[in-house]
Protein chains: 2
Amino acid sequence: MEKFEINILGCGSALPTLRHQATSQVVNIREKLFMIDCGEGTQVQLRRSRLKFTRLNNIFISHLHGDHCFGLIGLISTFGMLERTADLHIYSHPDLEELLTPQLNFFCKGMHYKVIFHPINPKEQNVIYEDRSVSIETIPLQHRMPTCGFLFREKPTPNHIKRDMIDFYRIPLWMINRIKNGEDFILEDGTTVPNERLTTPSDPPRTYAYCSDTAYMPRITEQIKGVDLLFHEATFDESELPRAKQTQHSTAKQAAQIALHAQAKQLLIGHFSARYEDENILLQEAKAVFPQTFLAKENMIFKL
Amino acid sequence: MEKFEINILGCGSALPTLRHQATSQVVNIREKLFMIDCGEGTQVQLRRSRLKFTRLNNIFISHLHGDHCFGLIGLISTFGMLERTADLHIYSHPDLEELLTPQLNFFCKGMHYKVIFHPINPKEQNVIYEDRSVSIETIPLQHRMPTCGFLFREKPTPNHIKRDMIDFYRIPLWMINRIKNGEDFILEDGTTVPNERLTTPSDPPRTYAYCSDTAYMPRITEQIKGVDLLFHEATFDESELPRAKQTQHSTAKQAAQIALHAQAKQLLIGHFSARYEDENILLQEAKAVFPQTFLAKENMIFKL
């Protein structure tokens with residue numbers, strides 16, 4: 001199966017601790033890397049992950065709280081020192097460009113690559129990125145400032161062609177990709193060999209939804225229905241519900257309710273408040289509602 | 001002896017590695033903390049050091065390269081979340097205020113403390129900070145942008161009064177501090193008891209010089225003459241001398257030559273290039289010229 005992996009670089013919340021790094025993830029789809037959020041220290045975590053810096057061309061910022069974006073300037077600056085030449089695309093609320101531009105002009109003079117900002121509207125569901133392998137759309141969330149999640153939808157991969165059929169029908173090389181992509185094969189005598197006979201179906205396309213930071217938002221379940229993996233913030237346990245409401249965060253139980261109602265296959269929780277020495281309380285709370293829950297952890301790779 | 005300690009939070013150079021953190025130190029003088037430089041990740045290193053955040057009121061920035069200041073916004077923002085109320089003073093080239101102000105306005109709204117910028121002129125030797133225990137002056141350095149080091153001069157502490165003399169001459173309580181600070185004591189019959197008879201001299205005041213980043217600058221040796229500890233950058237070994245010259249950094253040997261000519265008592269080298277897996281090559285090179293050389297290391301506490 002083609003690679004589709006979530007690399008957790010950091011899953012702490014606003015207040016840094018020695019247990020958790022600030023928020024950042026890298027989604028690796030067929031060796032193309034997509035970074036989500038970039039808190040302070042992300043560049044070191046990226047180095048630790050051994051993911052190839054040059055494979056990262058797109059960064060998605062959920063919202064402009066420091067723990068989700070203070071690492072950008074250091075990352076961009078380091079890429080410059082490493083003599084990157086490929087454009088780096090950053091998708092975020094338009095305020096980020098205004099904040100970063102003076103810093104880039106001062107600290108990153110003479111870099112051999114461009115940082116290209118793509119303003120997104122966190123209030124709308126829009127496809128903001130698309131290539132041959134994946135489309136990425138915004139998931140409007142509810143937080144103390146404009147915030148959105150990101151839904152990664154893998155594109156269908158071509159069917160697998162049956163080796164013995166190639167030989168049997170003497171299918172020429174130039175037809176292989178066309179058949180993989182669904183065409184039938186016409187024999188010299190005009191007979192049609194239907195595609196189903198020549199191929200086995202490819203693996204179903206996978207989906208990943210990242211939802212952080214957010215208050216409990218049941219209406220997102222429609223958009224993320226049936227997702228293979230949902231990452232949902234679980235800053236607090238249920239005893240802190242009033243604090244969760246006040247700060248527009250979610251409890252672990254609420255994260256699990258979202259996963260349940262969205263009929264997600266698996267749930268990964270993160271963005272843990274600094275108050276928890278041990279996040280198992282959050283895990284237990286979520287599992288009671290949605291058994292297929294996992295705790296995010298720095299340097300974890302979650303394979304889809 | 002009163003506390004005078006250098007806490008190394010980070011001693012790497014521009015390119016982050018898994019071995020070293022970006023530059024930052026905390027000088028602890030009698031439990032008052034003075035931070036020098038604040039690269040990305042400093043706030044986490046500060047937490048790791050277990051130094052009390054509330055004891056830190058003054059930050060000194062040597063120059064505006066990212067590896068010396070990208071950690072400021074995160075540190076300031078975290079202090080805000082921790083409900084700090086005391087002013088935080090930042091001493092740096094005036095450009096820093098211009099760069100940080102828009103970020104503070106955006107990310108640090110509603111904080112209960114003020115960040116106060118003190119512009120310094122890196123080209124001049126000036127006393128930029130002074131209190132009862134210490135004075136701090138700039139050391140003009142030579143780098144690719146305006147840069148200065150910092151010279152910490154401890155103020156003399158009062159002499160120690162001899163306990164048995166207090167009893168013998170029945171010295172009243174209100175005279176004790178005056179005698180510690182040098183006064184003689186006059187007996188009821190008018191006889192003068194000279195101060196030397198009543199006290200033993202206090203420990204001599206100590207000095208610490210921080211010099212990073214800089215090309216080889218022999219003329220600084222005058223200003224830092226006889227310093228108890230010199231921290232000097234040693235980005236490269238001697239085989240990289242051309243690169244050192246080009247980037248306006250120093251080799252370990254040059255750092256040692258500065259220490260030797262300045263008649264420093266001890267030398268601590270740091271700001272190691274990412275190319276060294278093992279900095280012992282730098283240590284050996286420096287020790288050949290100045291035997292009392294030590295390698296800086298994260299989480300090290302160097303006591304004066």
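**Note on a two-chain predicted model**

1. B:Asn280 is exposed, having 11 other C-beta atoms within 10 Å. The classes used here are buried (20 or more other C-beta atoms within 10 Å of the residue's own), exposed (12 or fewer) and partly exposed (in between), with C-beta atoms placed from the backbone. B:Asn280 belongs to helix H11 of chain B.

2. The model is predicted: local features need pLDDT of at least 70 and side-chain atom pairs count only at pLDDT 80 or more, while totals for chains, interfaces and linings use all residues. Residues are numbered from 1 along each chain as its sequence is written, and chains are lettered from A and ligands numbered from 1 in the order in which they are written.

3. Domains of chain A. Domain 1 takes in 4–157 + 203–303, and domain 2 takes in 160–200; the bounds come from an automatic or database domain assignment. Between the C-alpha centres of domain 1 of chain A and domain 2 of chain A the distance is 42 Å.

4. Sheet in chain A. Seven strands form an open sheet with mixed pairing, in the order S6-S5-S4-S3-S2-S1-S18. Strands (E, at least two residues) and helices (H or I, at least four) are DSSP runs numbered from the N terminus, and two strands pair if DSSP finds at least two bridges between them. At the edges of this sheet are strand S6 (115–119) and strand S18 (301–303) of chain A, each pairing on one side only. From one strand to the next the twist averages 20°.

5. S2 and S3 of chain A. Strand S2 (residues 24–29) and strand S3 (residues 32–36) of chain A are antiparallel and share five bridges. A:Gln25 is placed opposite A:Ile36 in S3(A). The loop between S2 and S3 of chain A contains A:Arg30. A:Arg30 is not a glycine, yet its phi is positive, near 50°. A:Arg30 is partly exposed, with 13 C-beta neighbours inside 10 Å.

6. Sheet in chain B. An open sheet of seven strands, again with mixed pairing, runs in the order S7-S8-S9-S14-S15-S16-S17. Its edge strands are S7 (127–130) and S17 (293–295) of chain B, each of which pairs on one side only. Neighbouring strands here are turned against each other by 20° on average, direction ignored. Strand S16 (residues 266–270) of chain B is parallel to S17(B) and joined to it by three bridges; B:Leu267 has B:Thr293 in S17(B) as its bridge partner.

7. Helices on that sheet. Helix H10 (residues 252–261) of chain B lies across strand S15 (229–233), S16 and S17 of chain B, at about 150° to S15(B). Helix H11 (residues 280–289) of chain B lies across S16 and S17 of chain B, at about 170° to S17(B). Axes are lines fitted to C-alpha atoms, for helices over the stretch in contact, and angles run from 0 to 180 degrees between N-to-C directions. B:Gln263 sits in the loop between H10 and S16 of chain B. B:Gln263, not a glycine, has a positive phi of about 55° and is exposed, with 12 other C-beta atoms within 10 Å.

8. Cis peptides. The bond joining A:Ser212 and A:Asp213 is cis, with omega about -10°. In chain B the bond from B:Ser212 to B:Asp213 is cis, with omega near -5°. A:Asp213 is in the loop between strand S14 (207–211) and helix H8 (220–223) of chain A, and B:Asp213 is in the loop between strand S14 (207–211) and helix H8 (220–223) of chain B. For reference, most residues other than glycine have a negative phi, and most peptide bonds are trans.

9. The same surface serves both copies, and 100% of the contact residues of chain A recur in chain B.

10. Interface. Contact (C-beta atoms, placed from the backbone, within 7 Å) involves 22 residues of chain A and 22 residues of chain B. Helix H1 (42–49), helix H3 (72–81) and helix H4 (95–107) of chain A each contribute at least two residues to the side of chain A that touches chain B. The residues of that side comprise 12 nonpolar, seven polar and three charged. Nonpolar covers Ala, Val, Leu, Ile, Met, Phe, Trp, Tyr, Cys and Pro; charged covers Asp, Glu, Lys and Arg; the others, Gly among them, count as polar.

Technical notes:
Contact = placed C-beta atoms within 7 Å.
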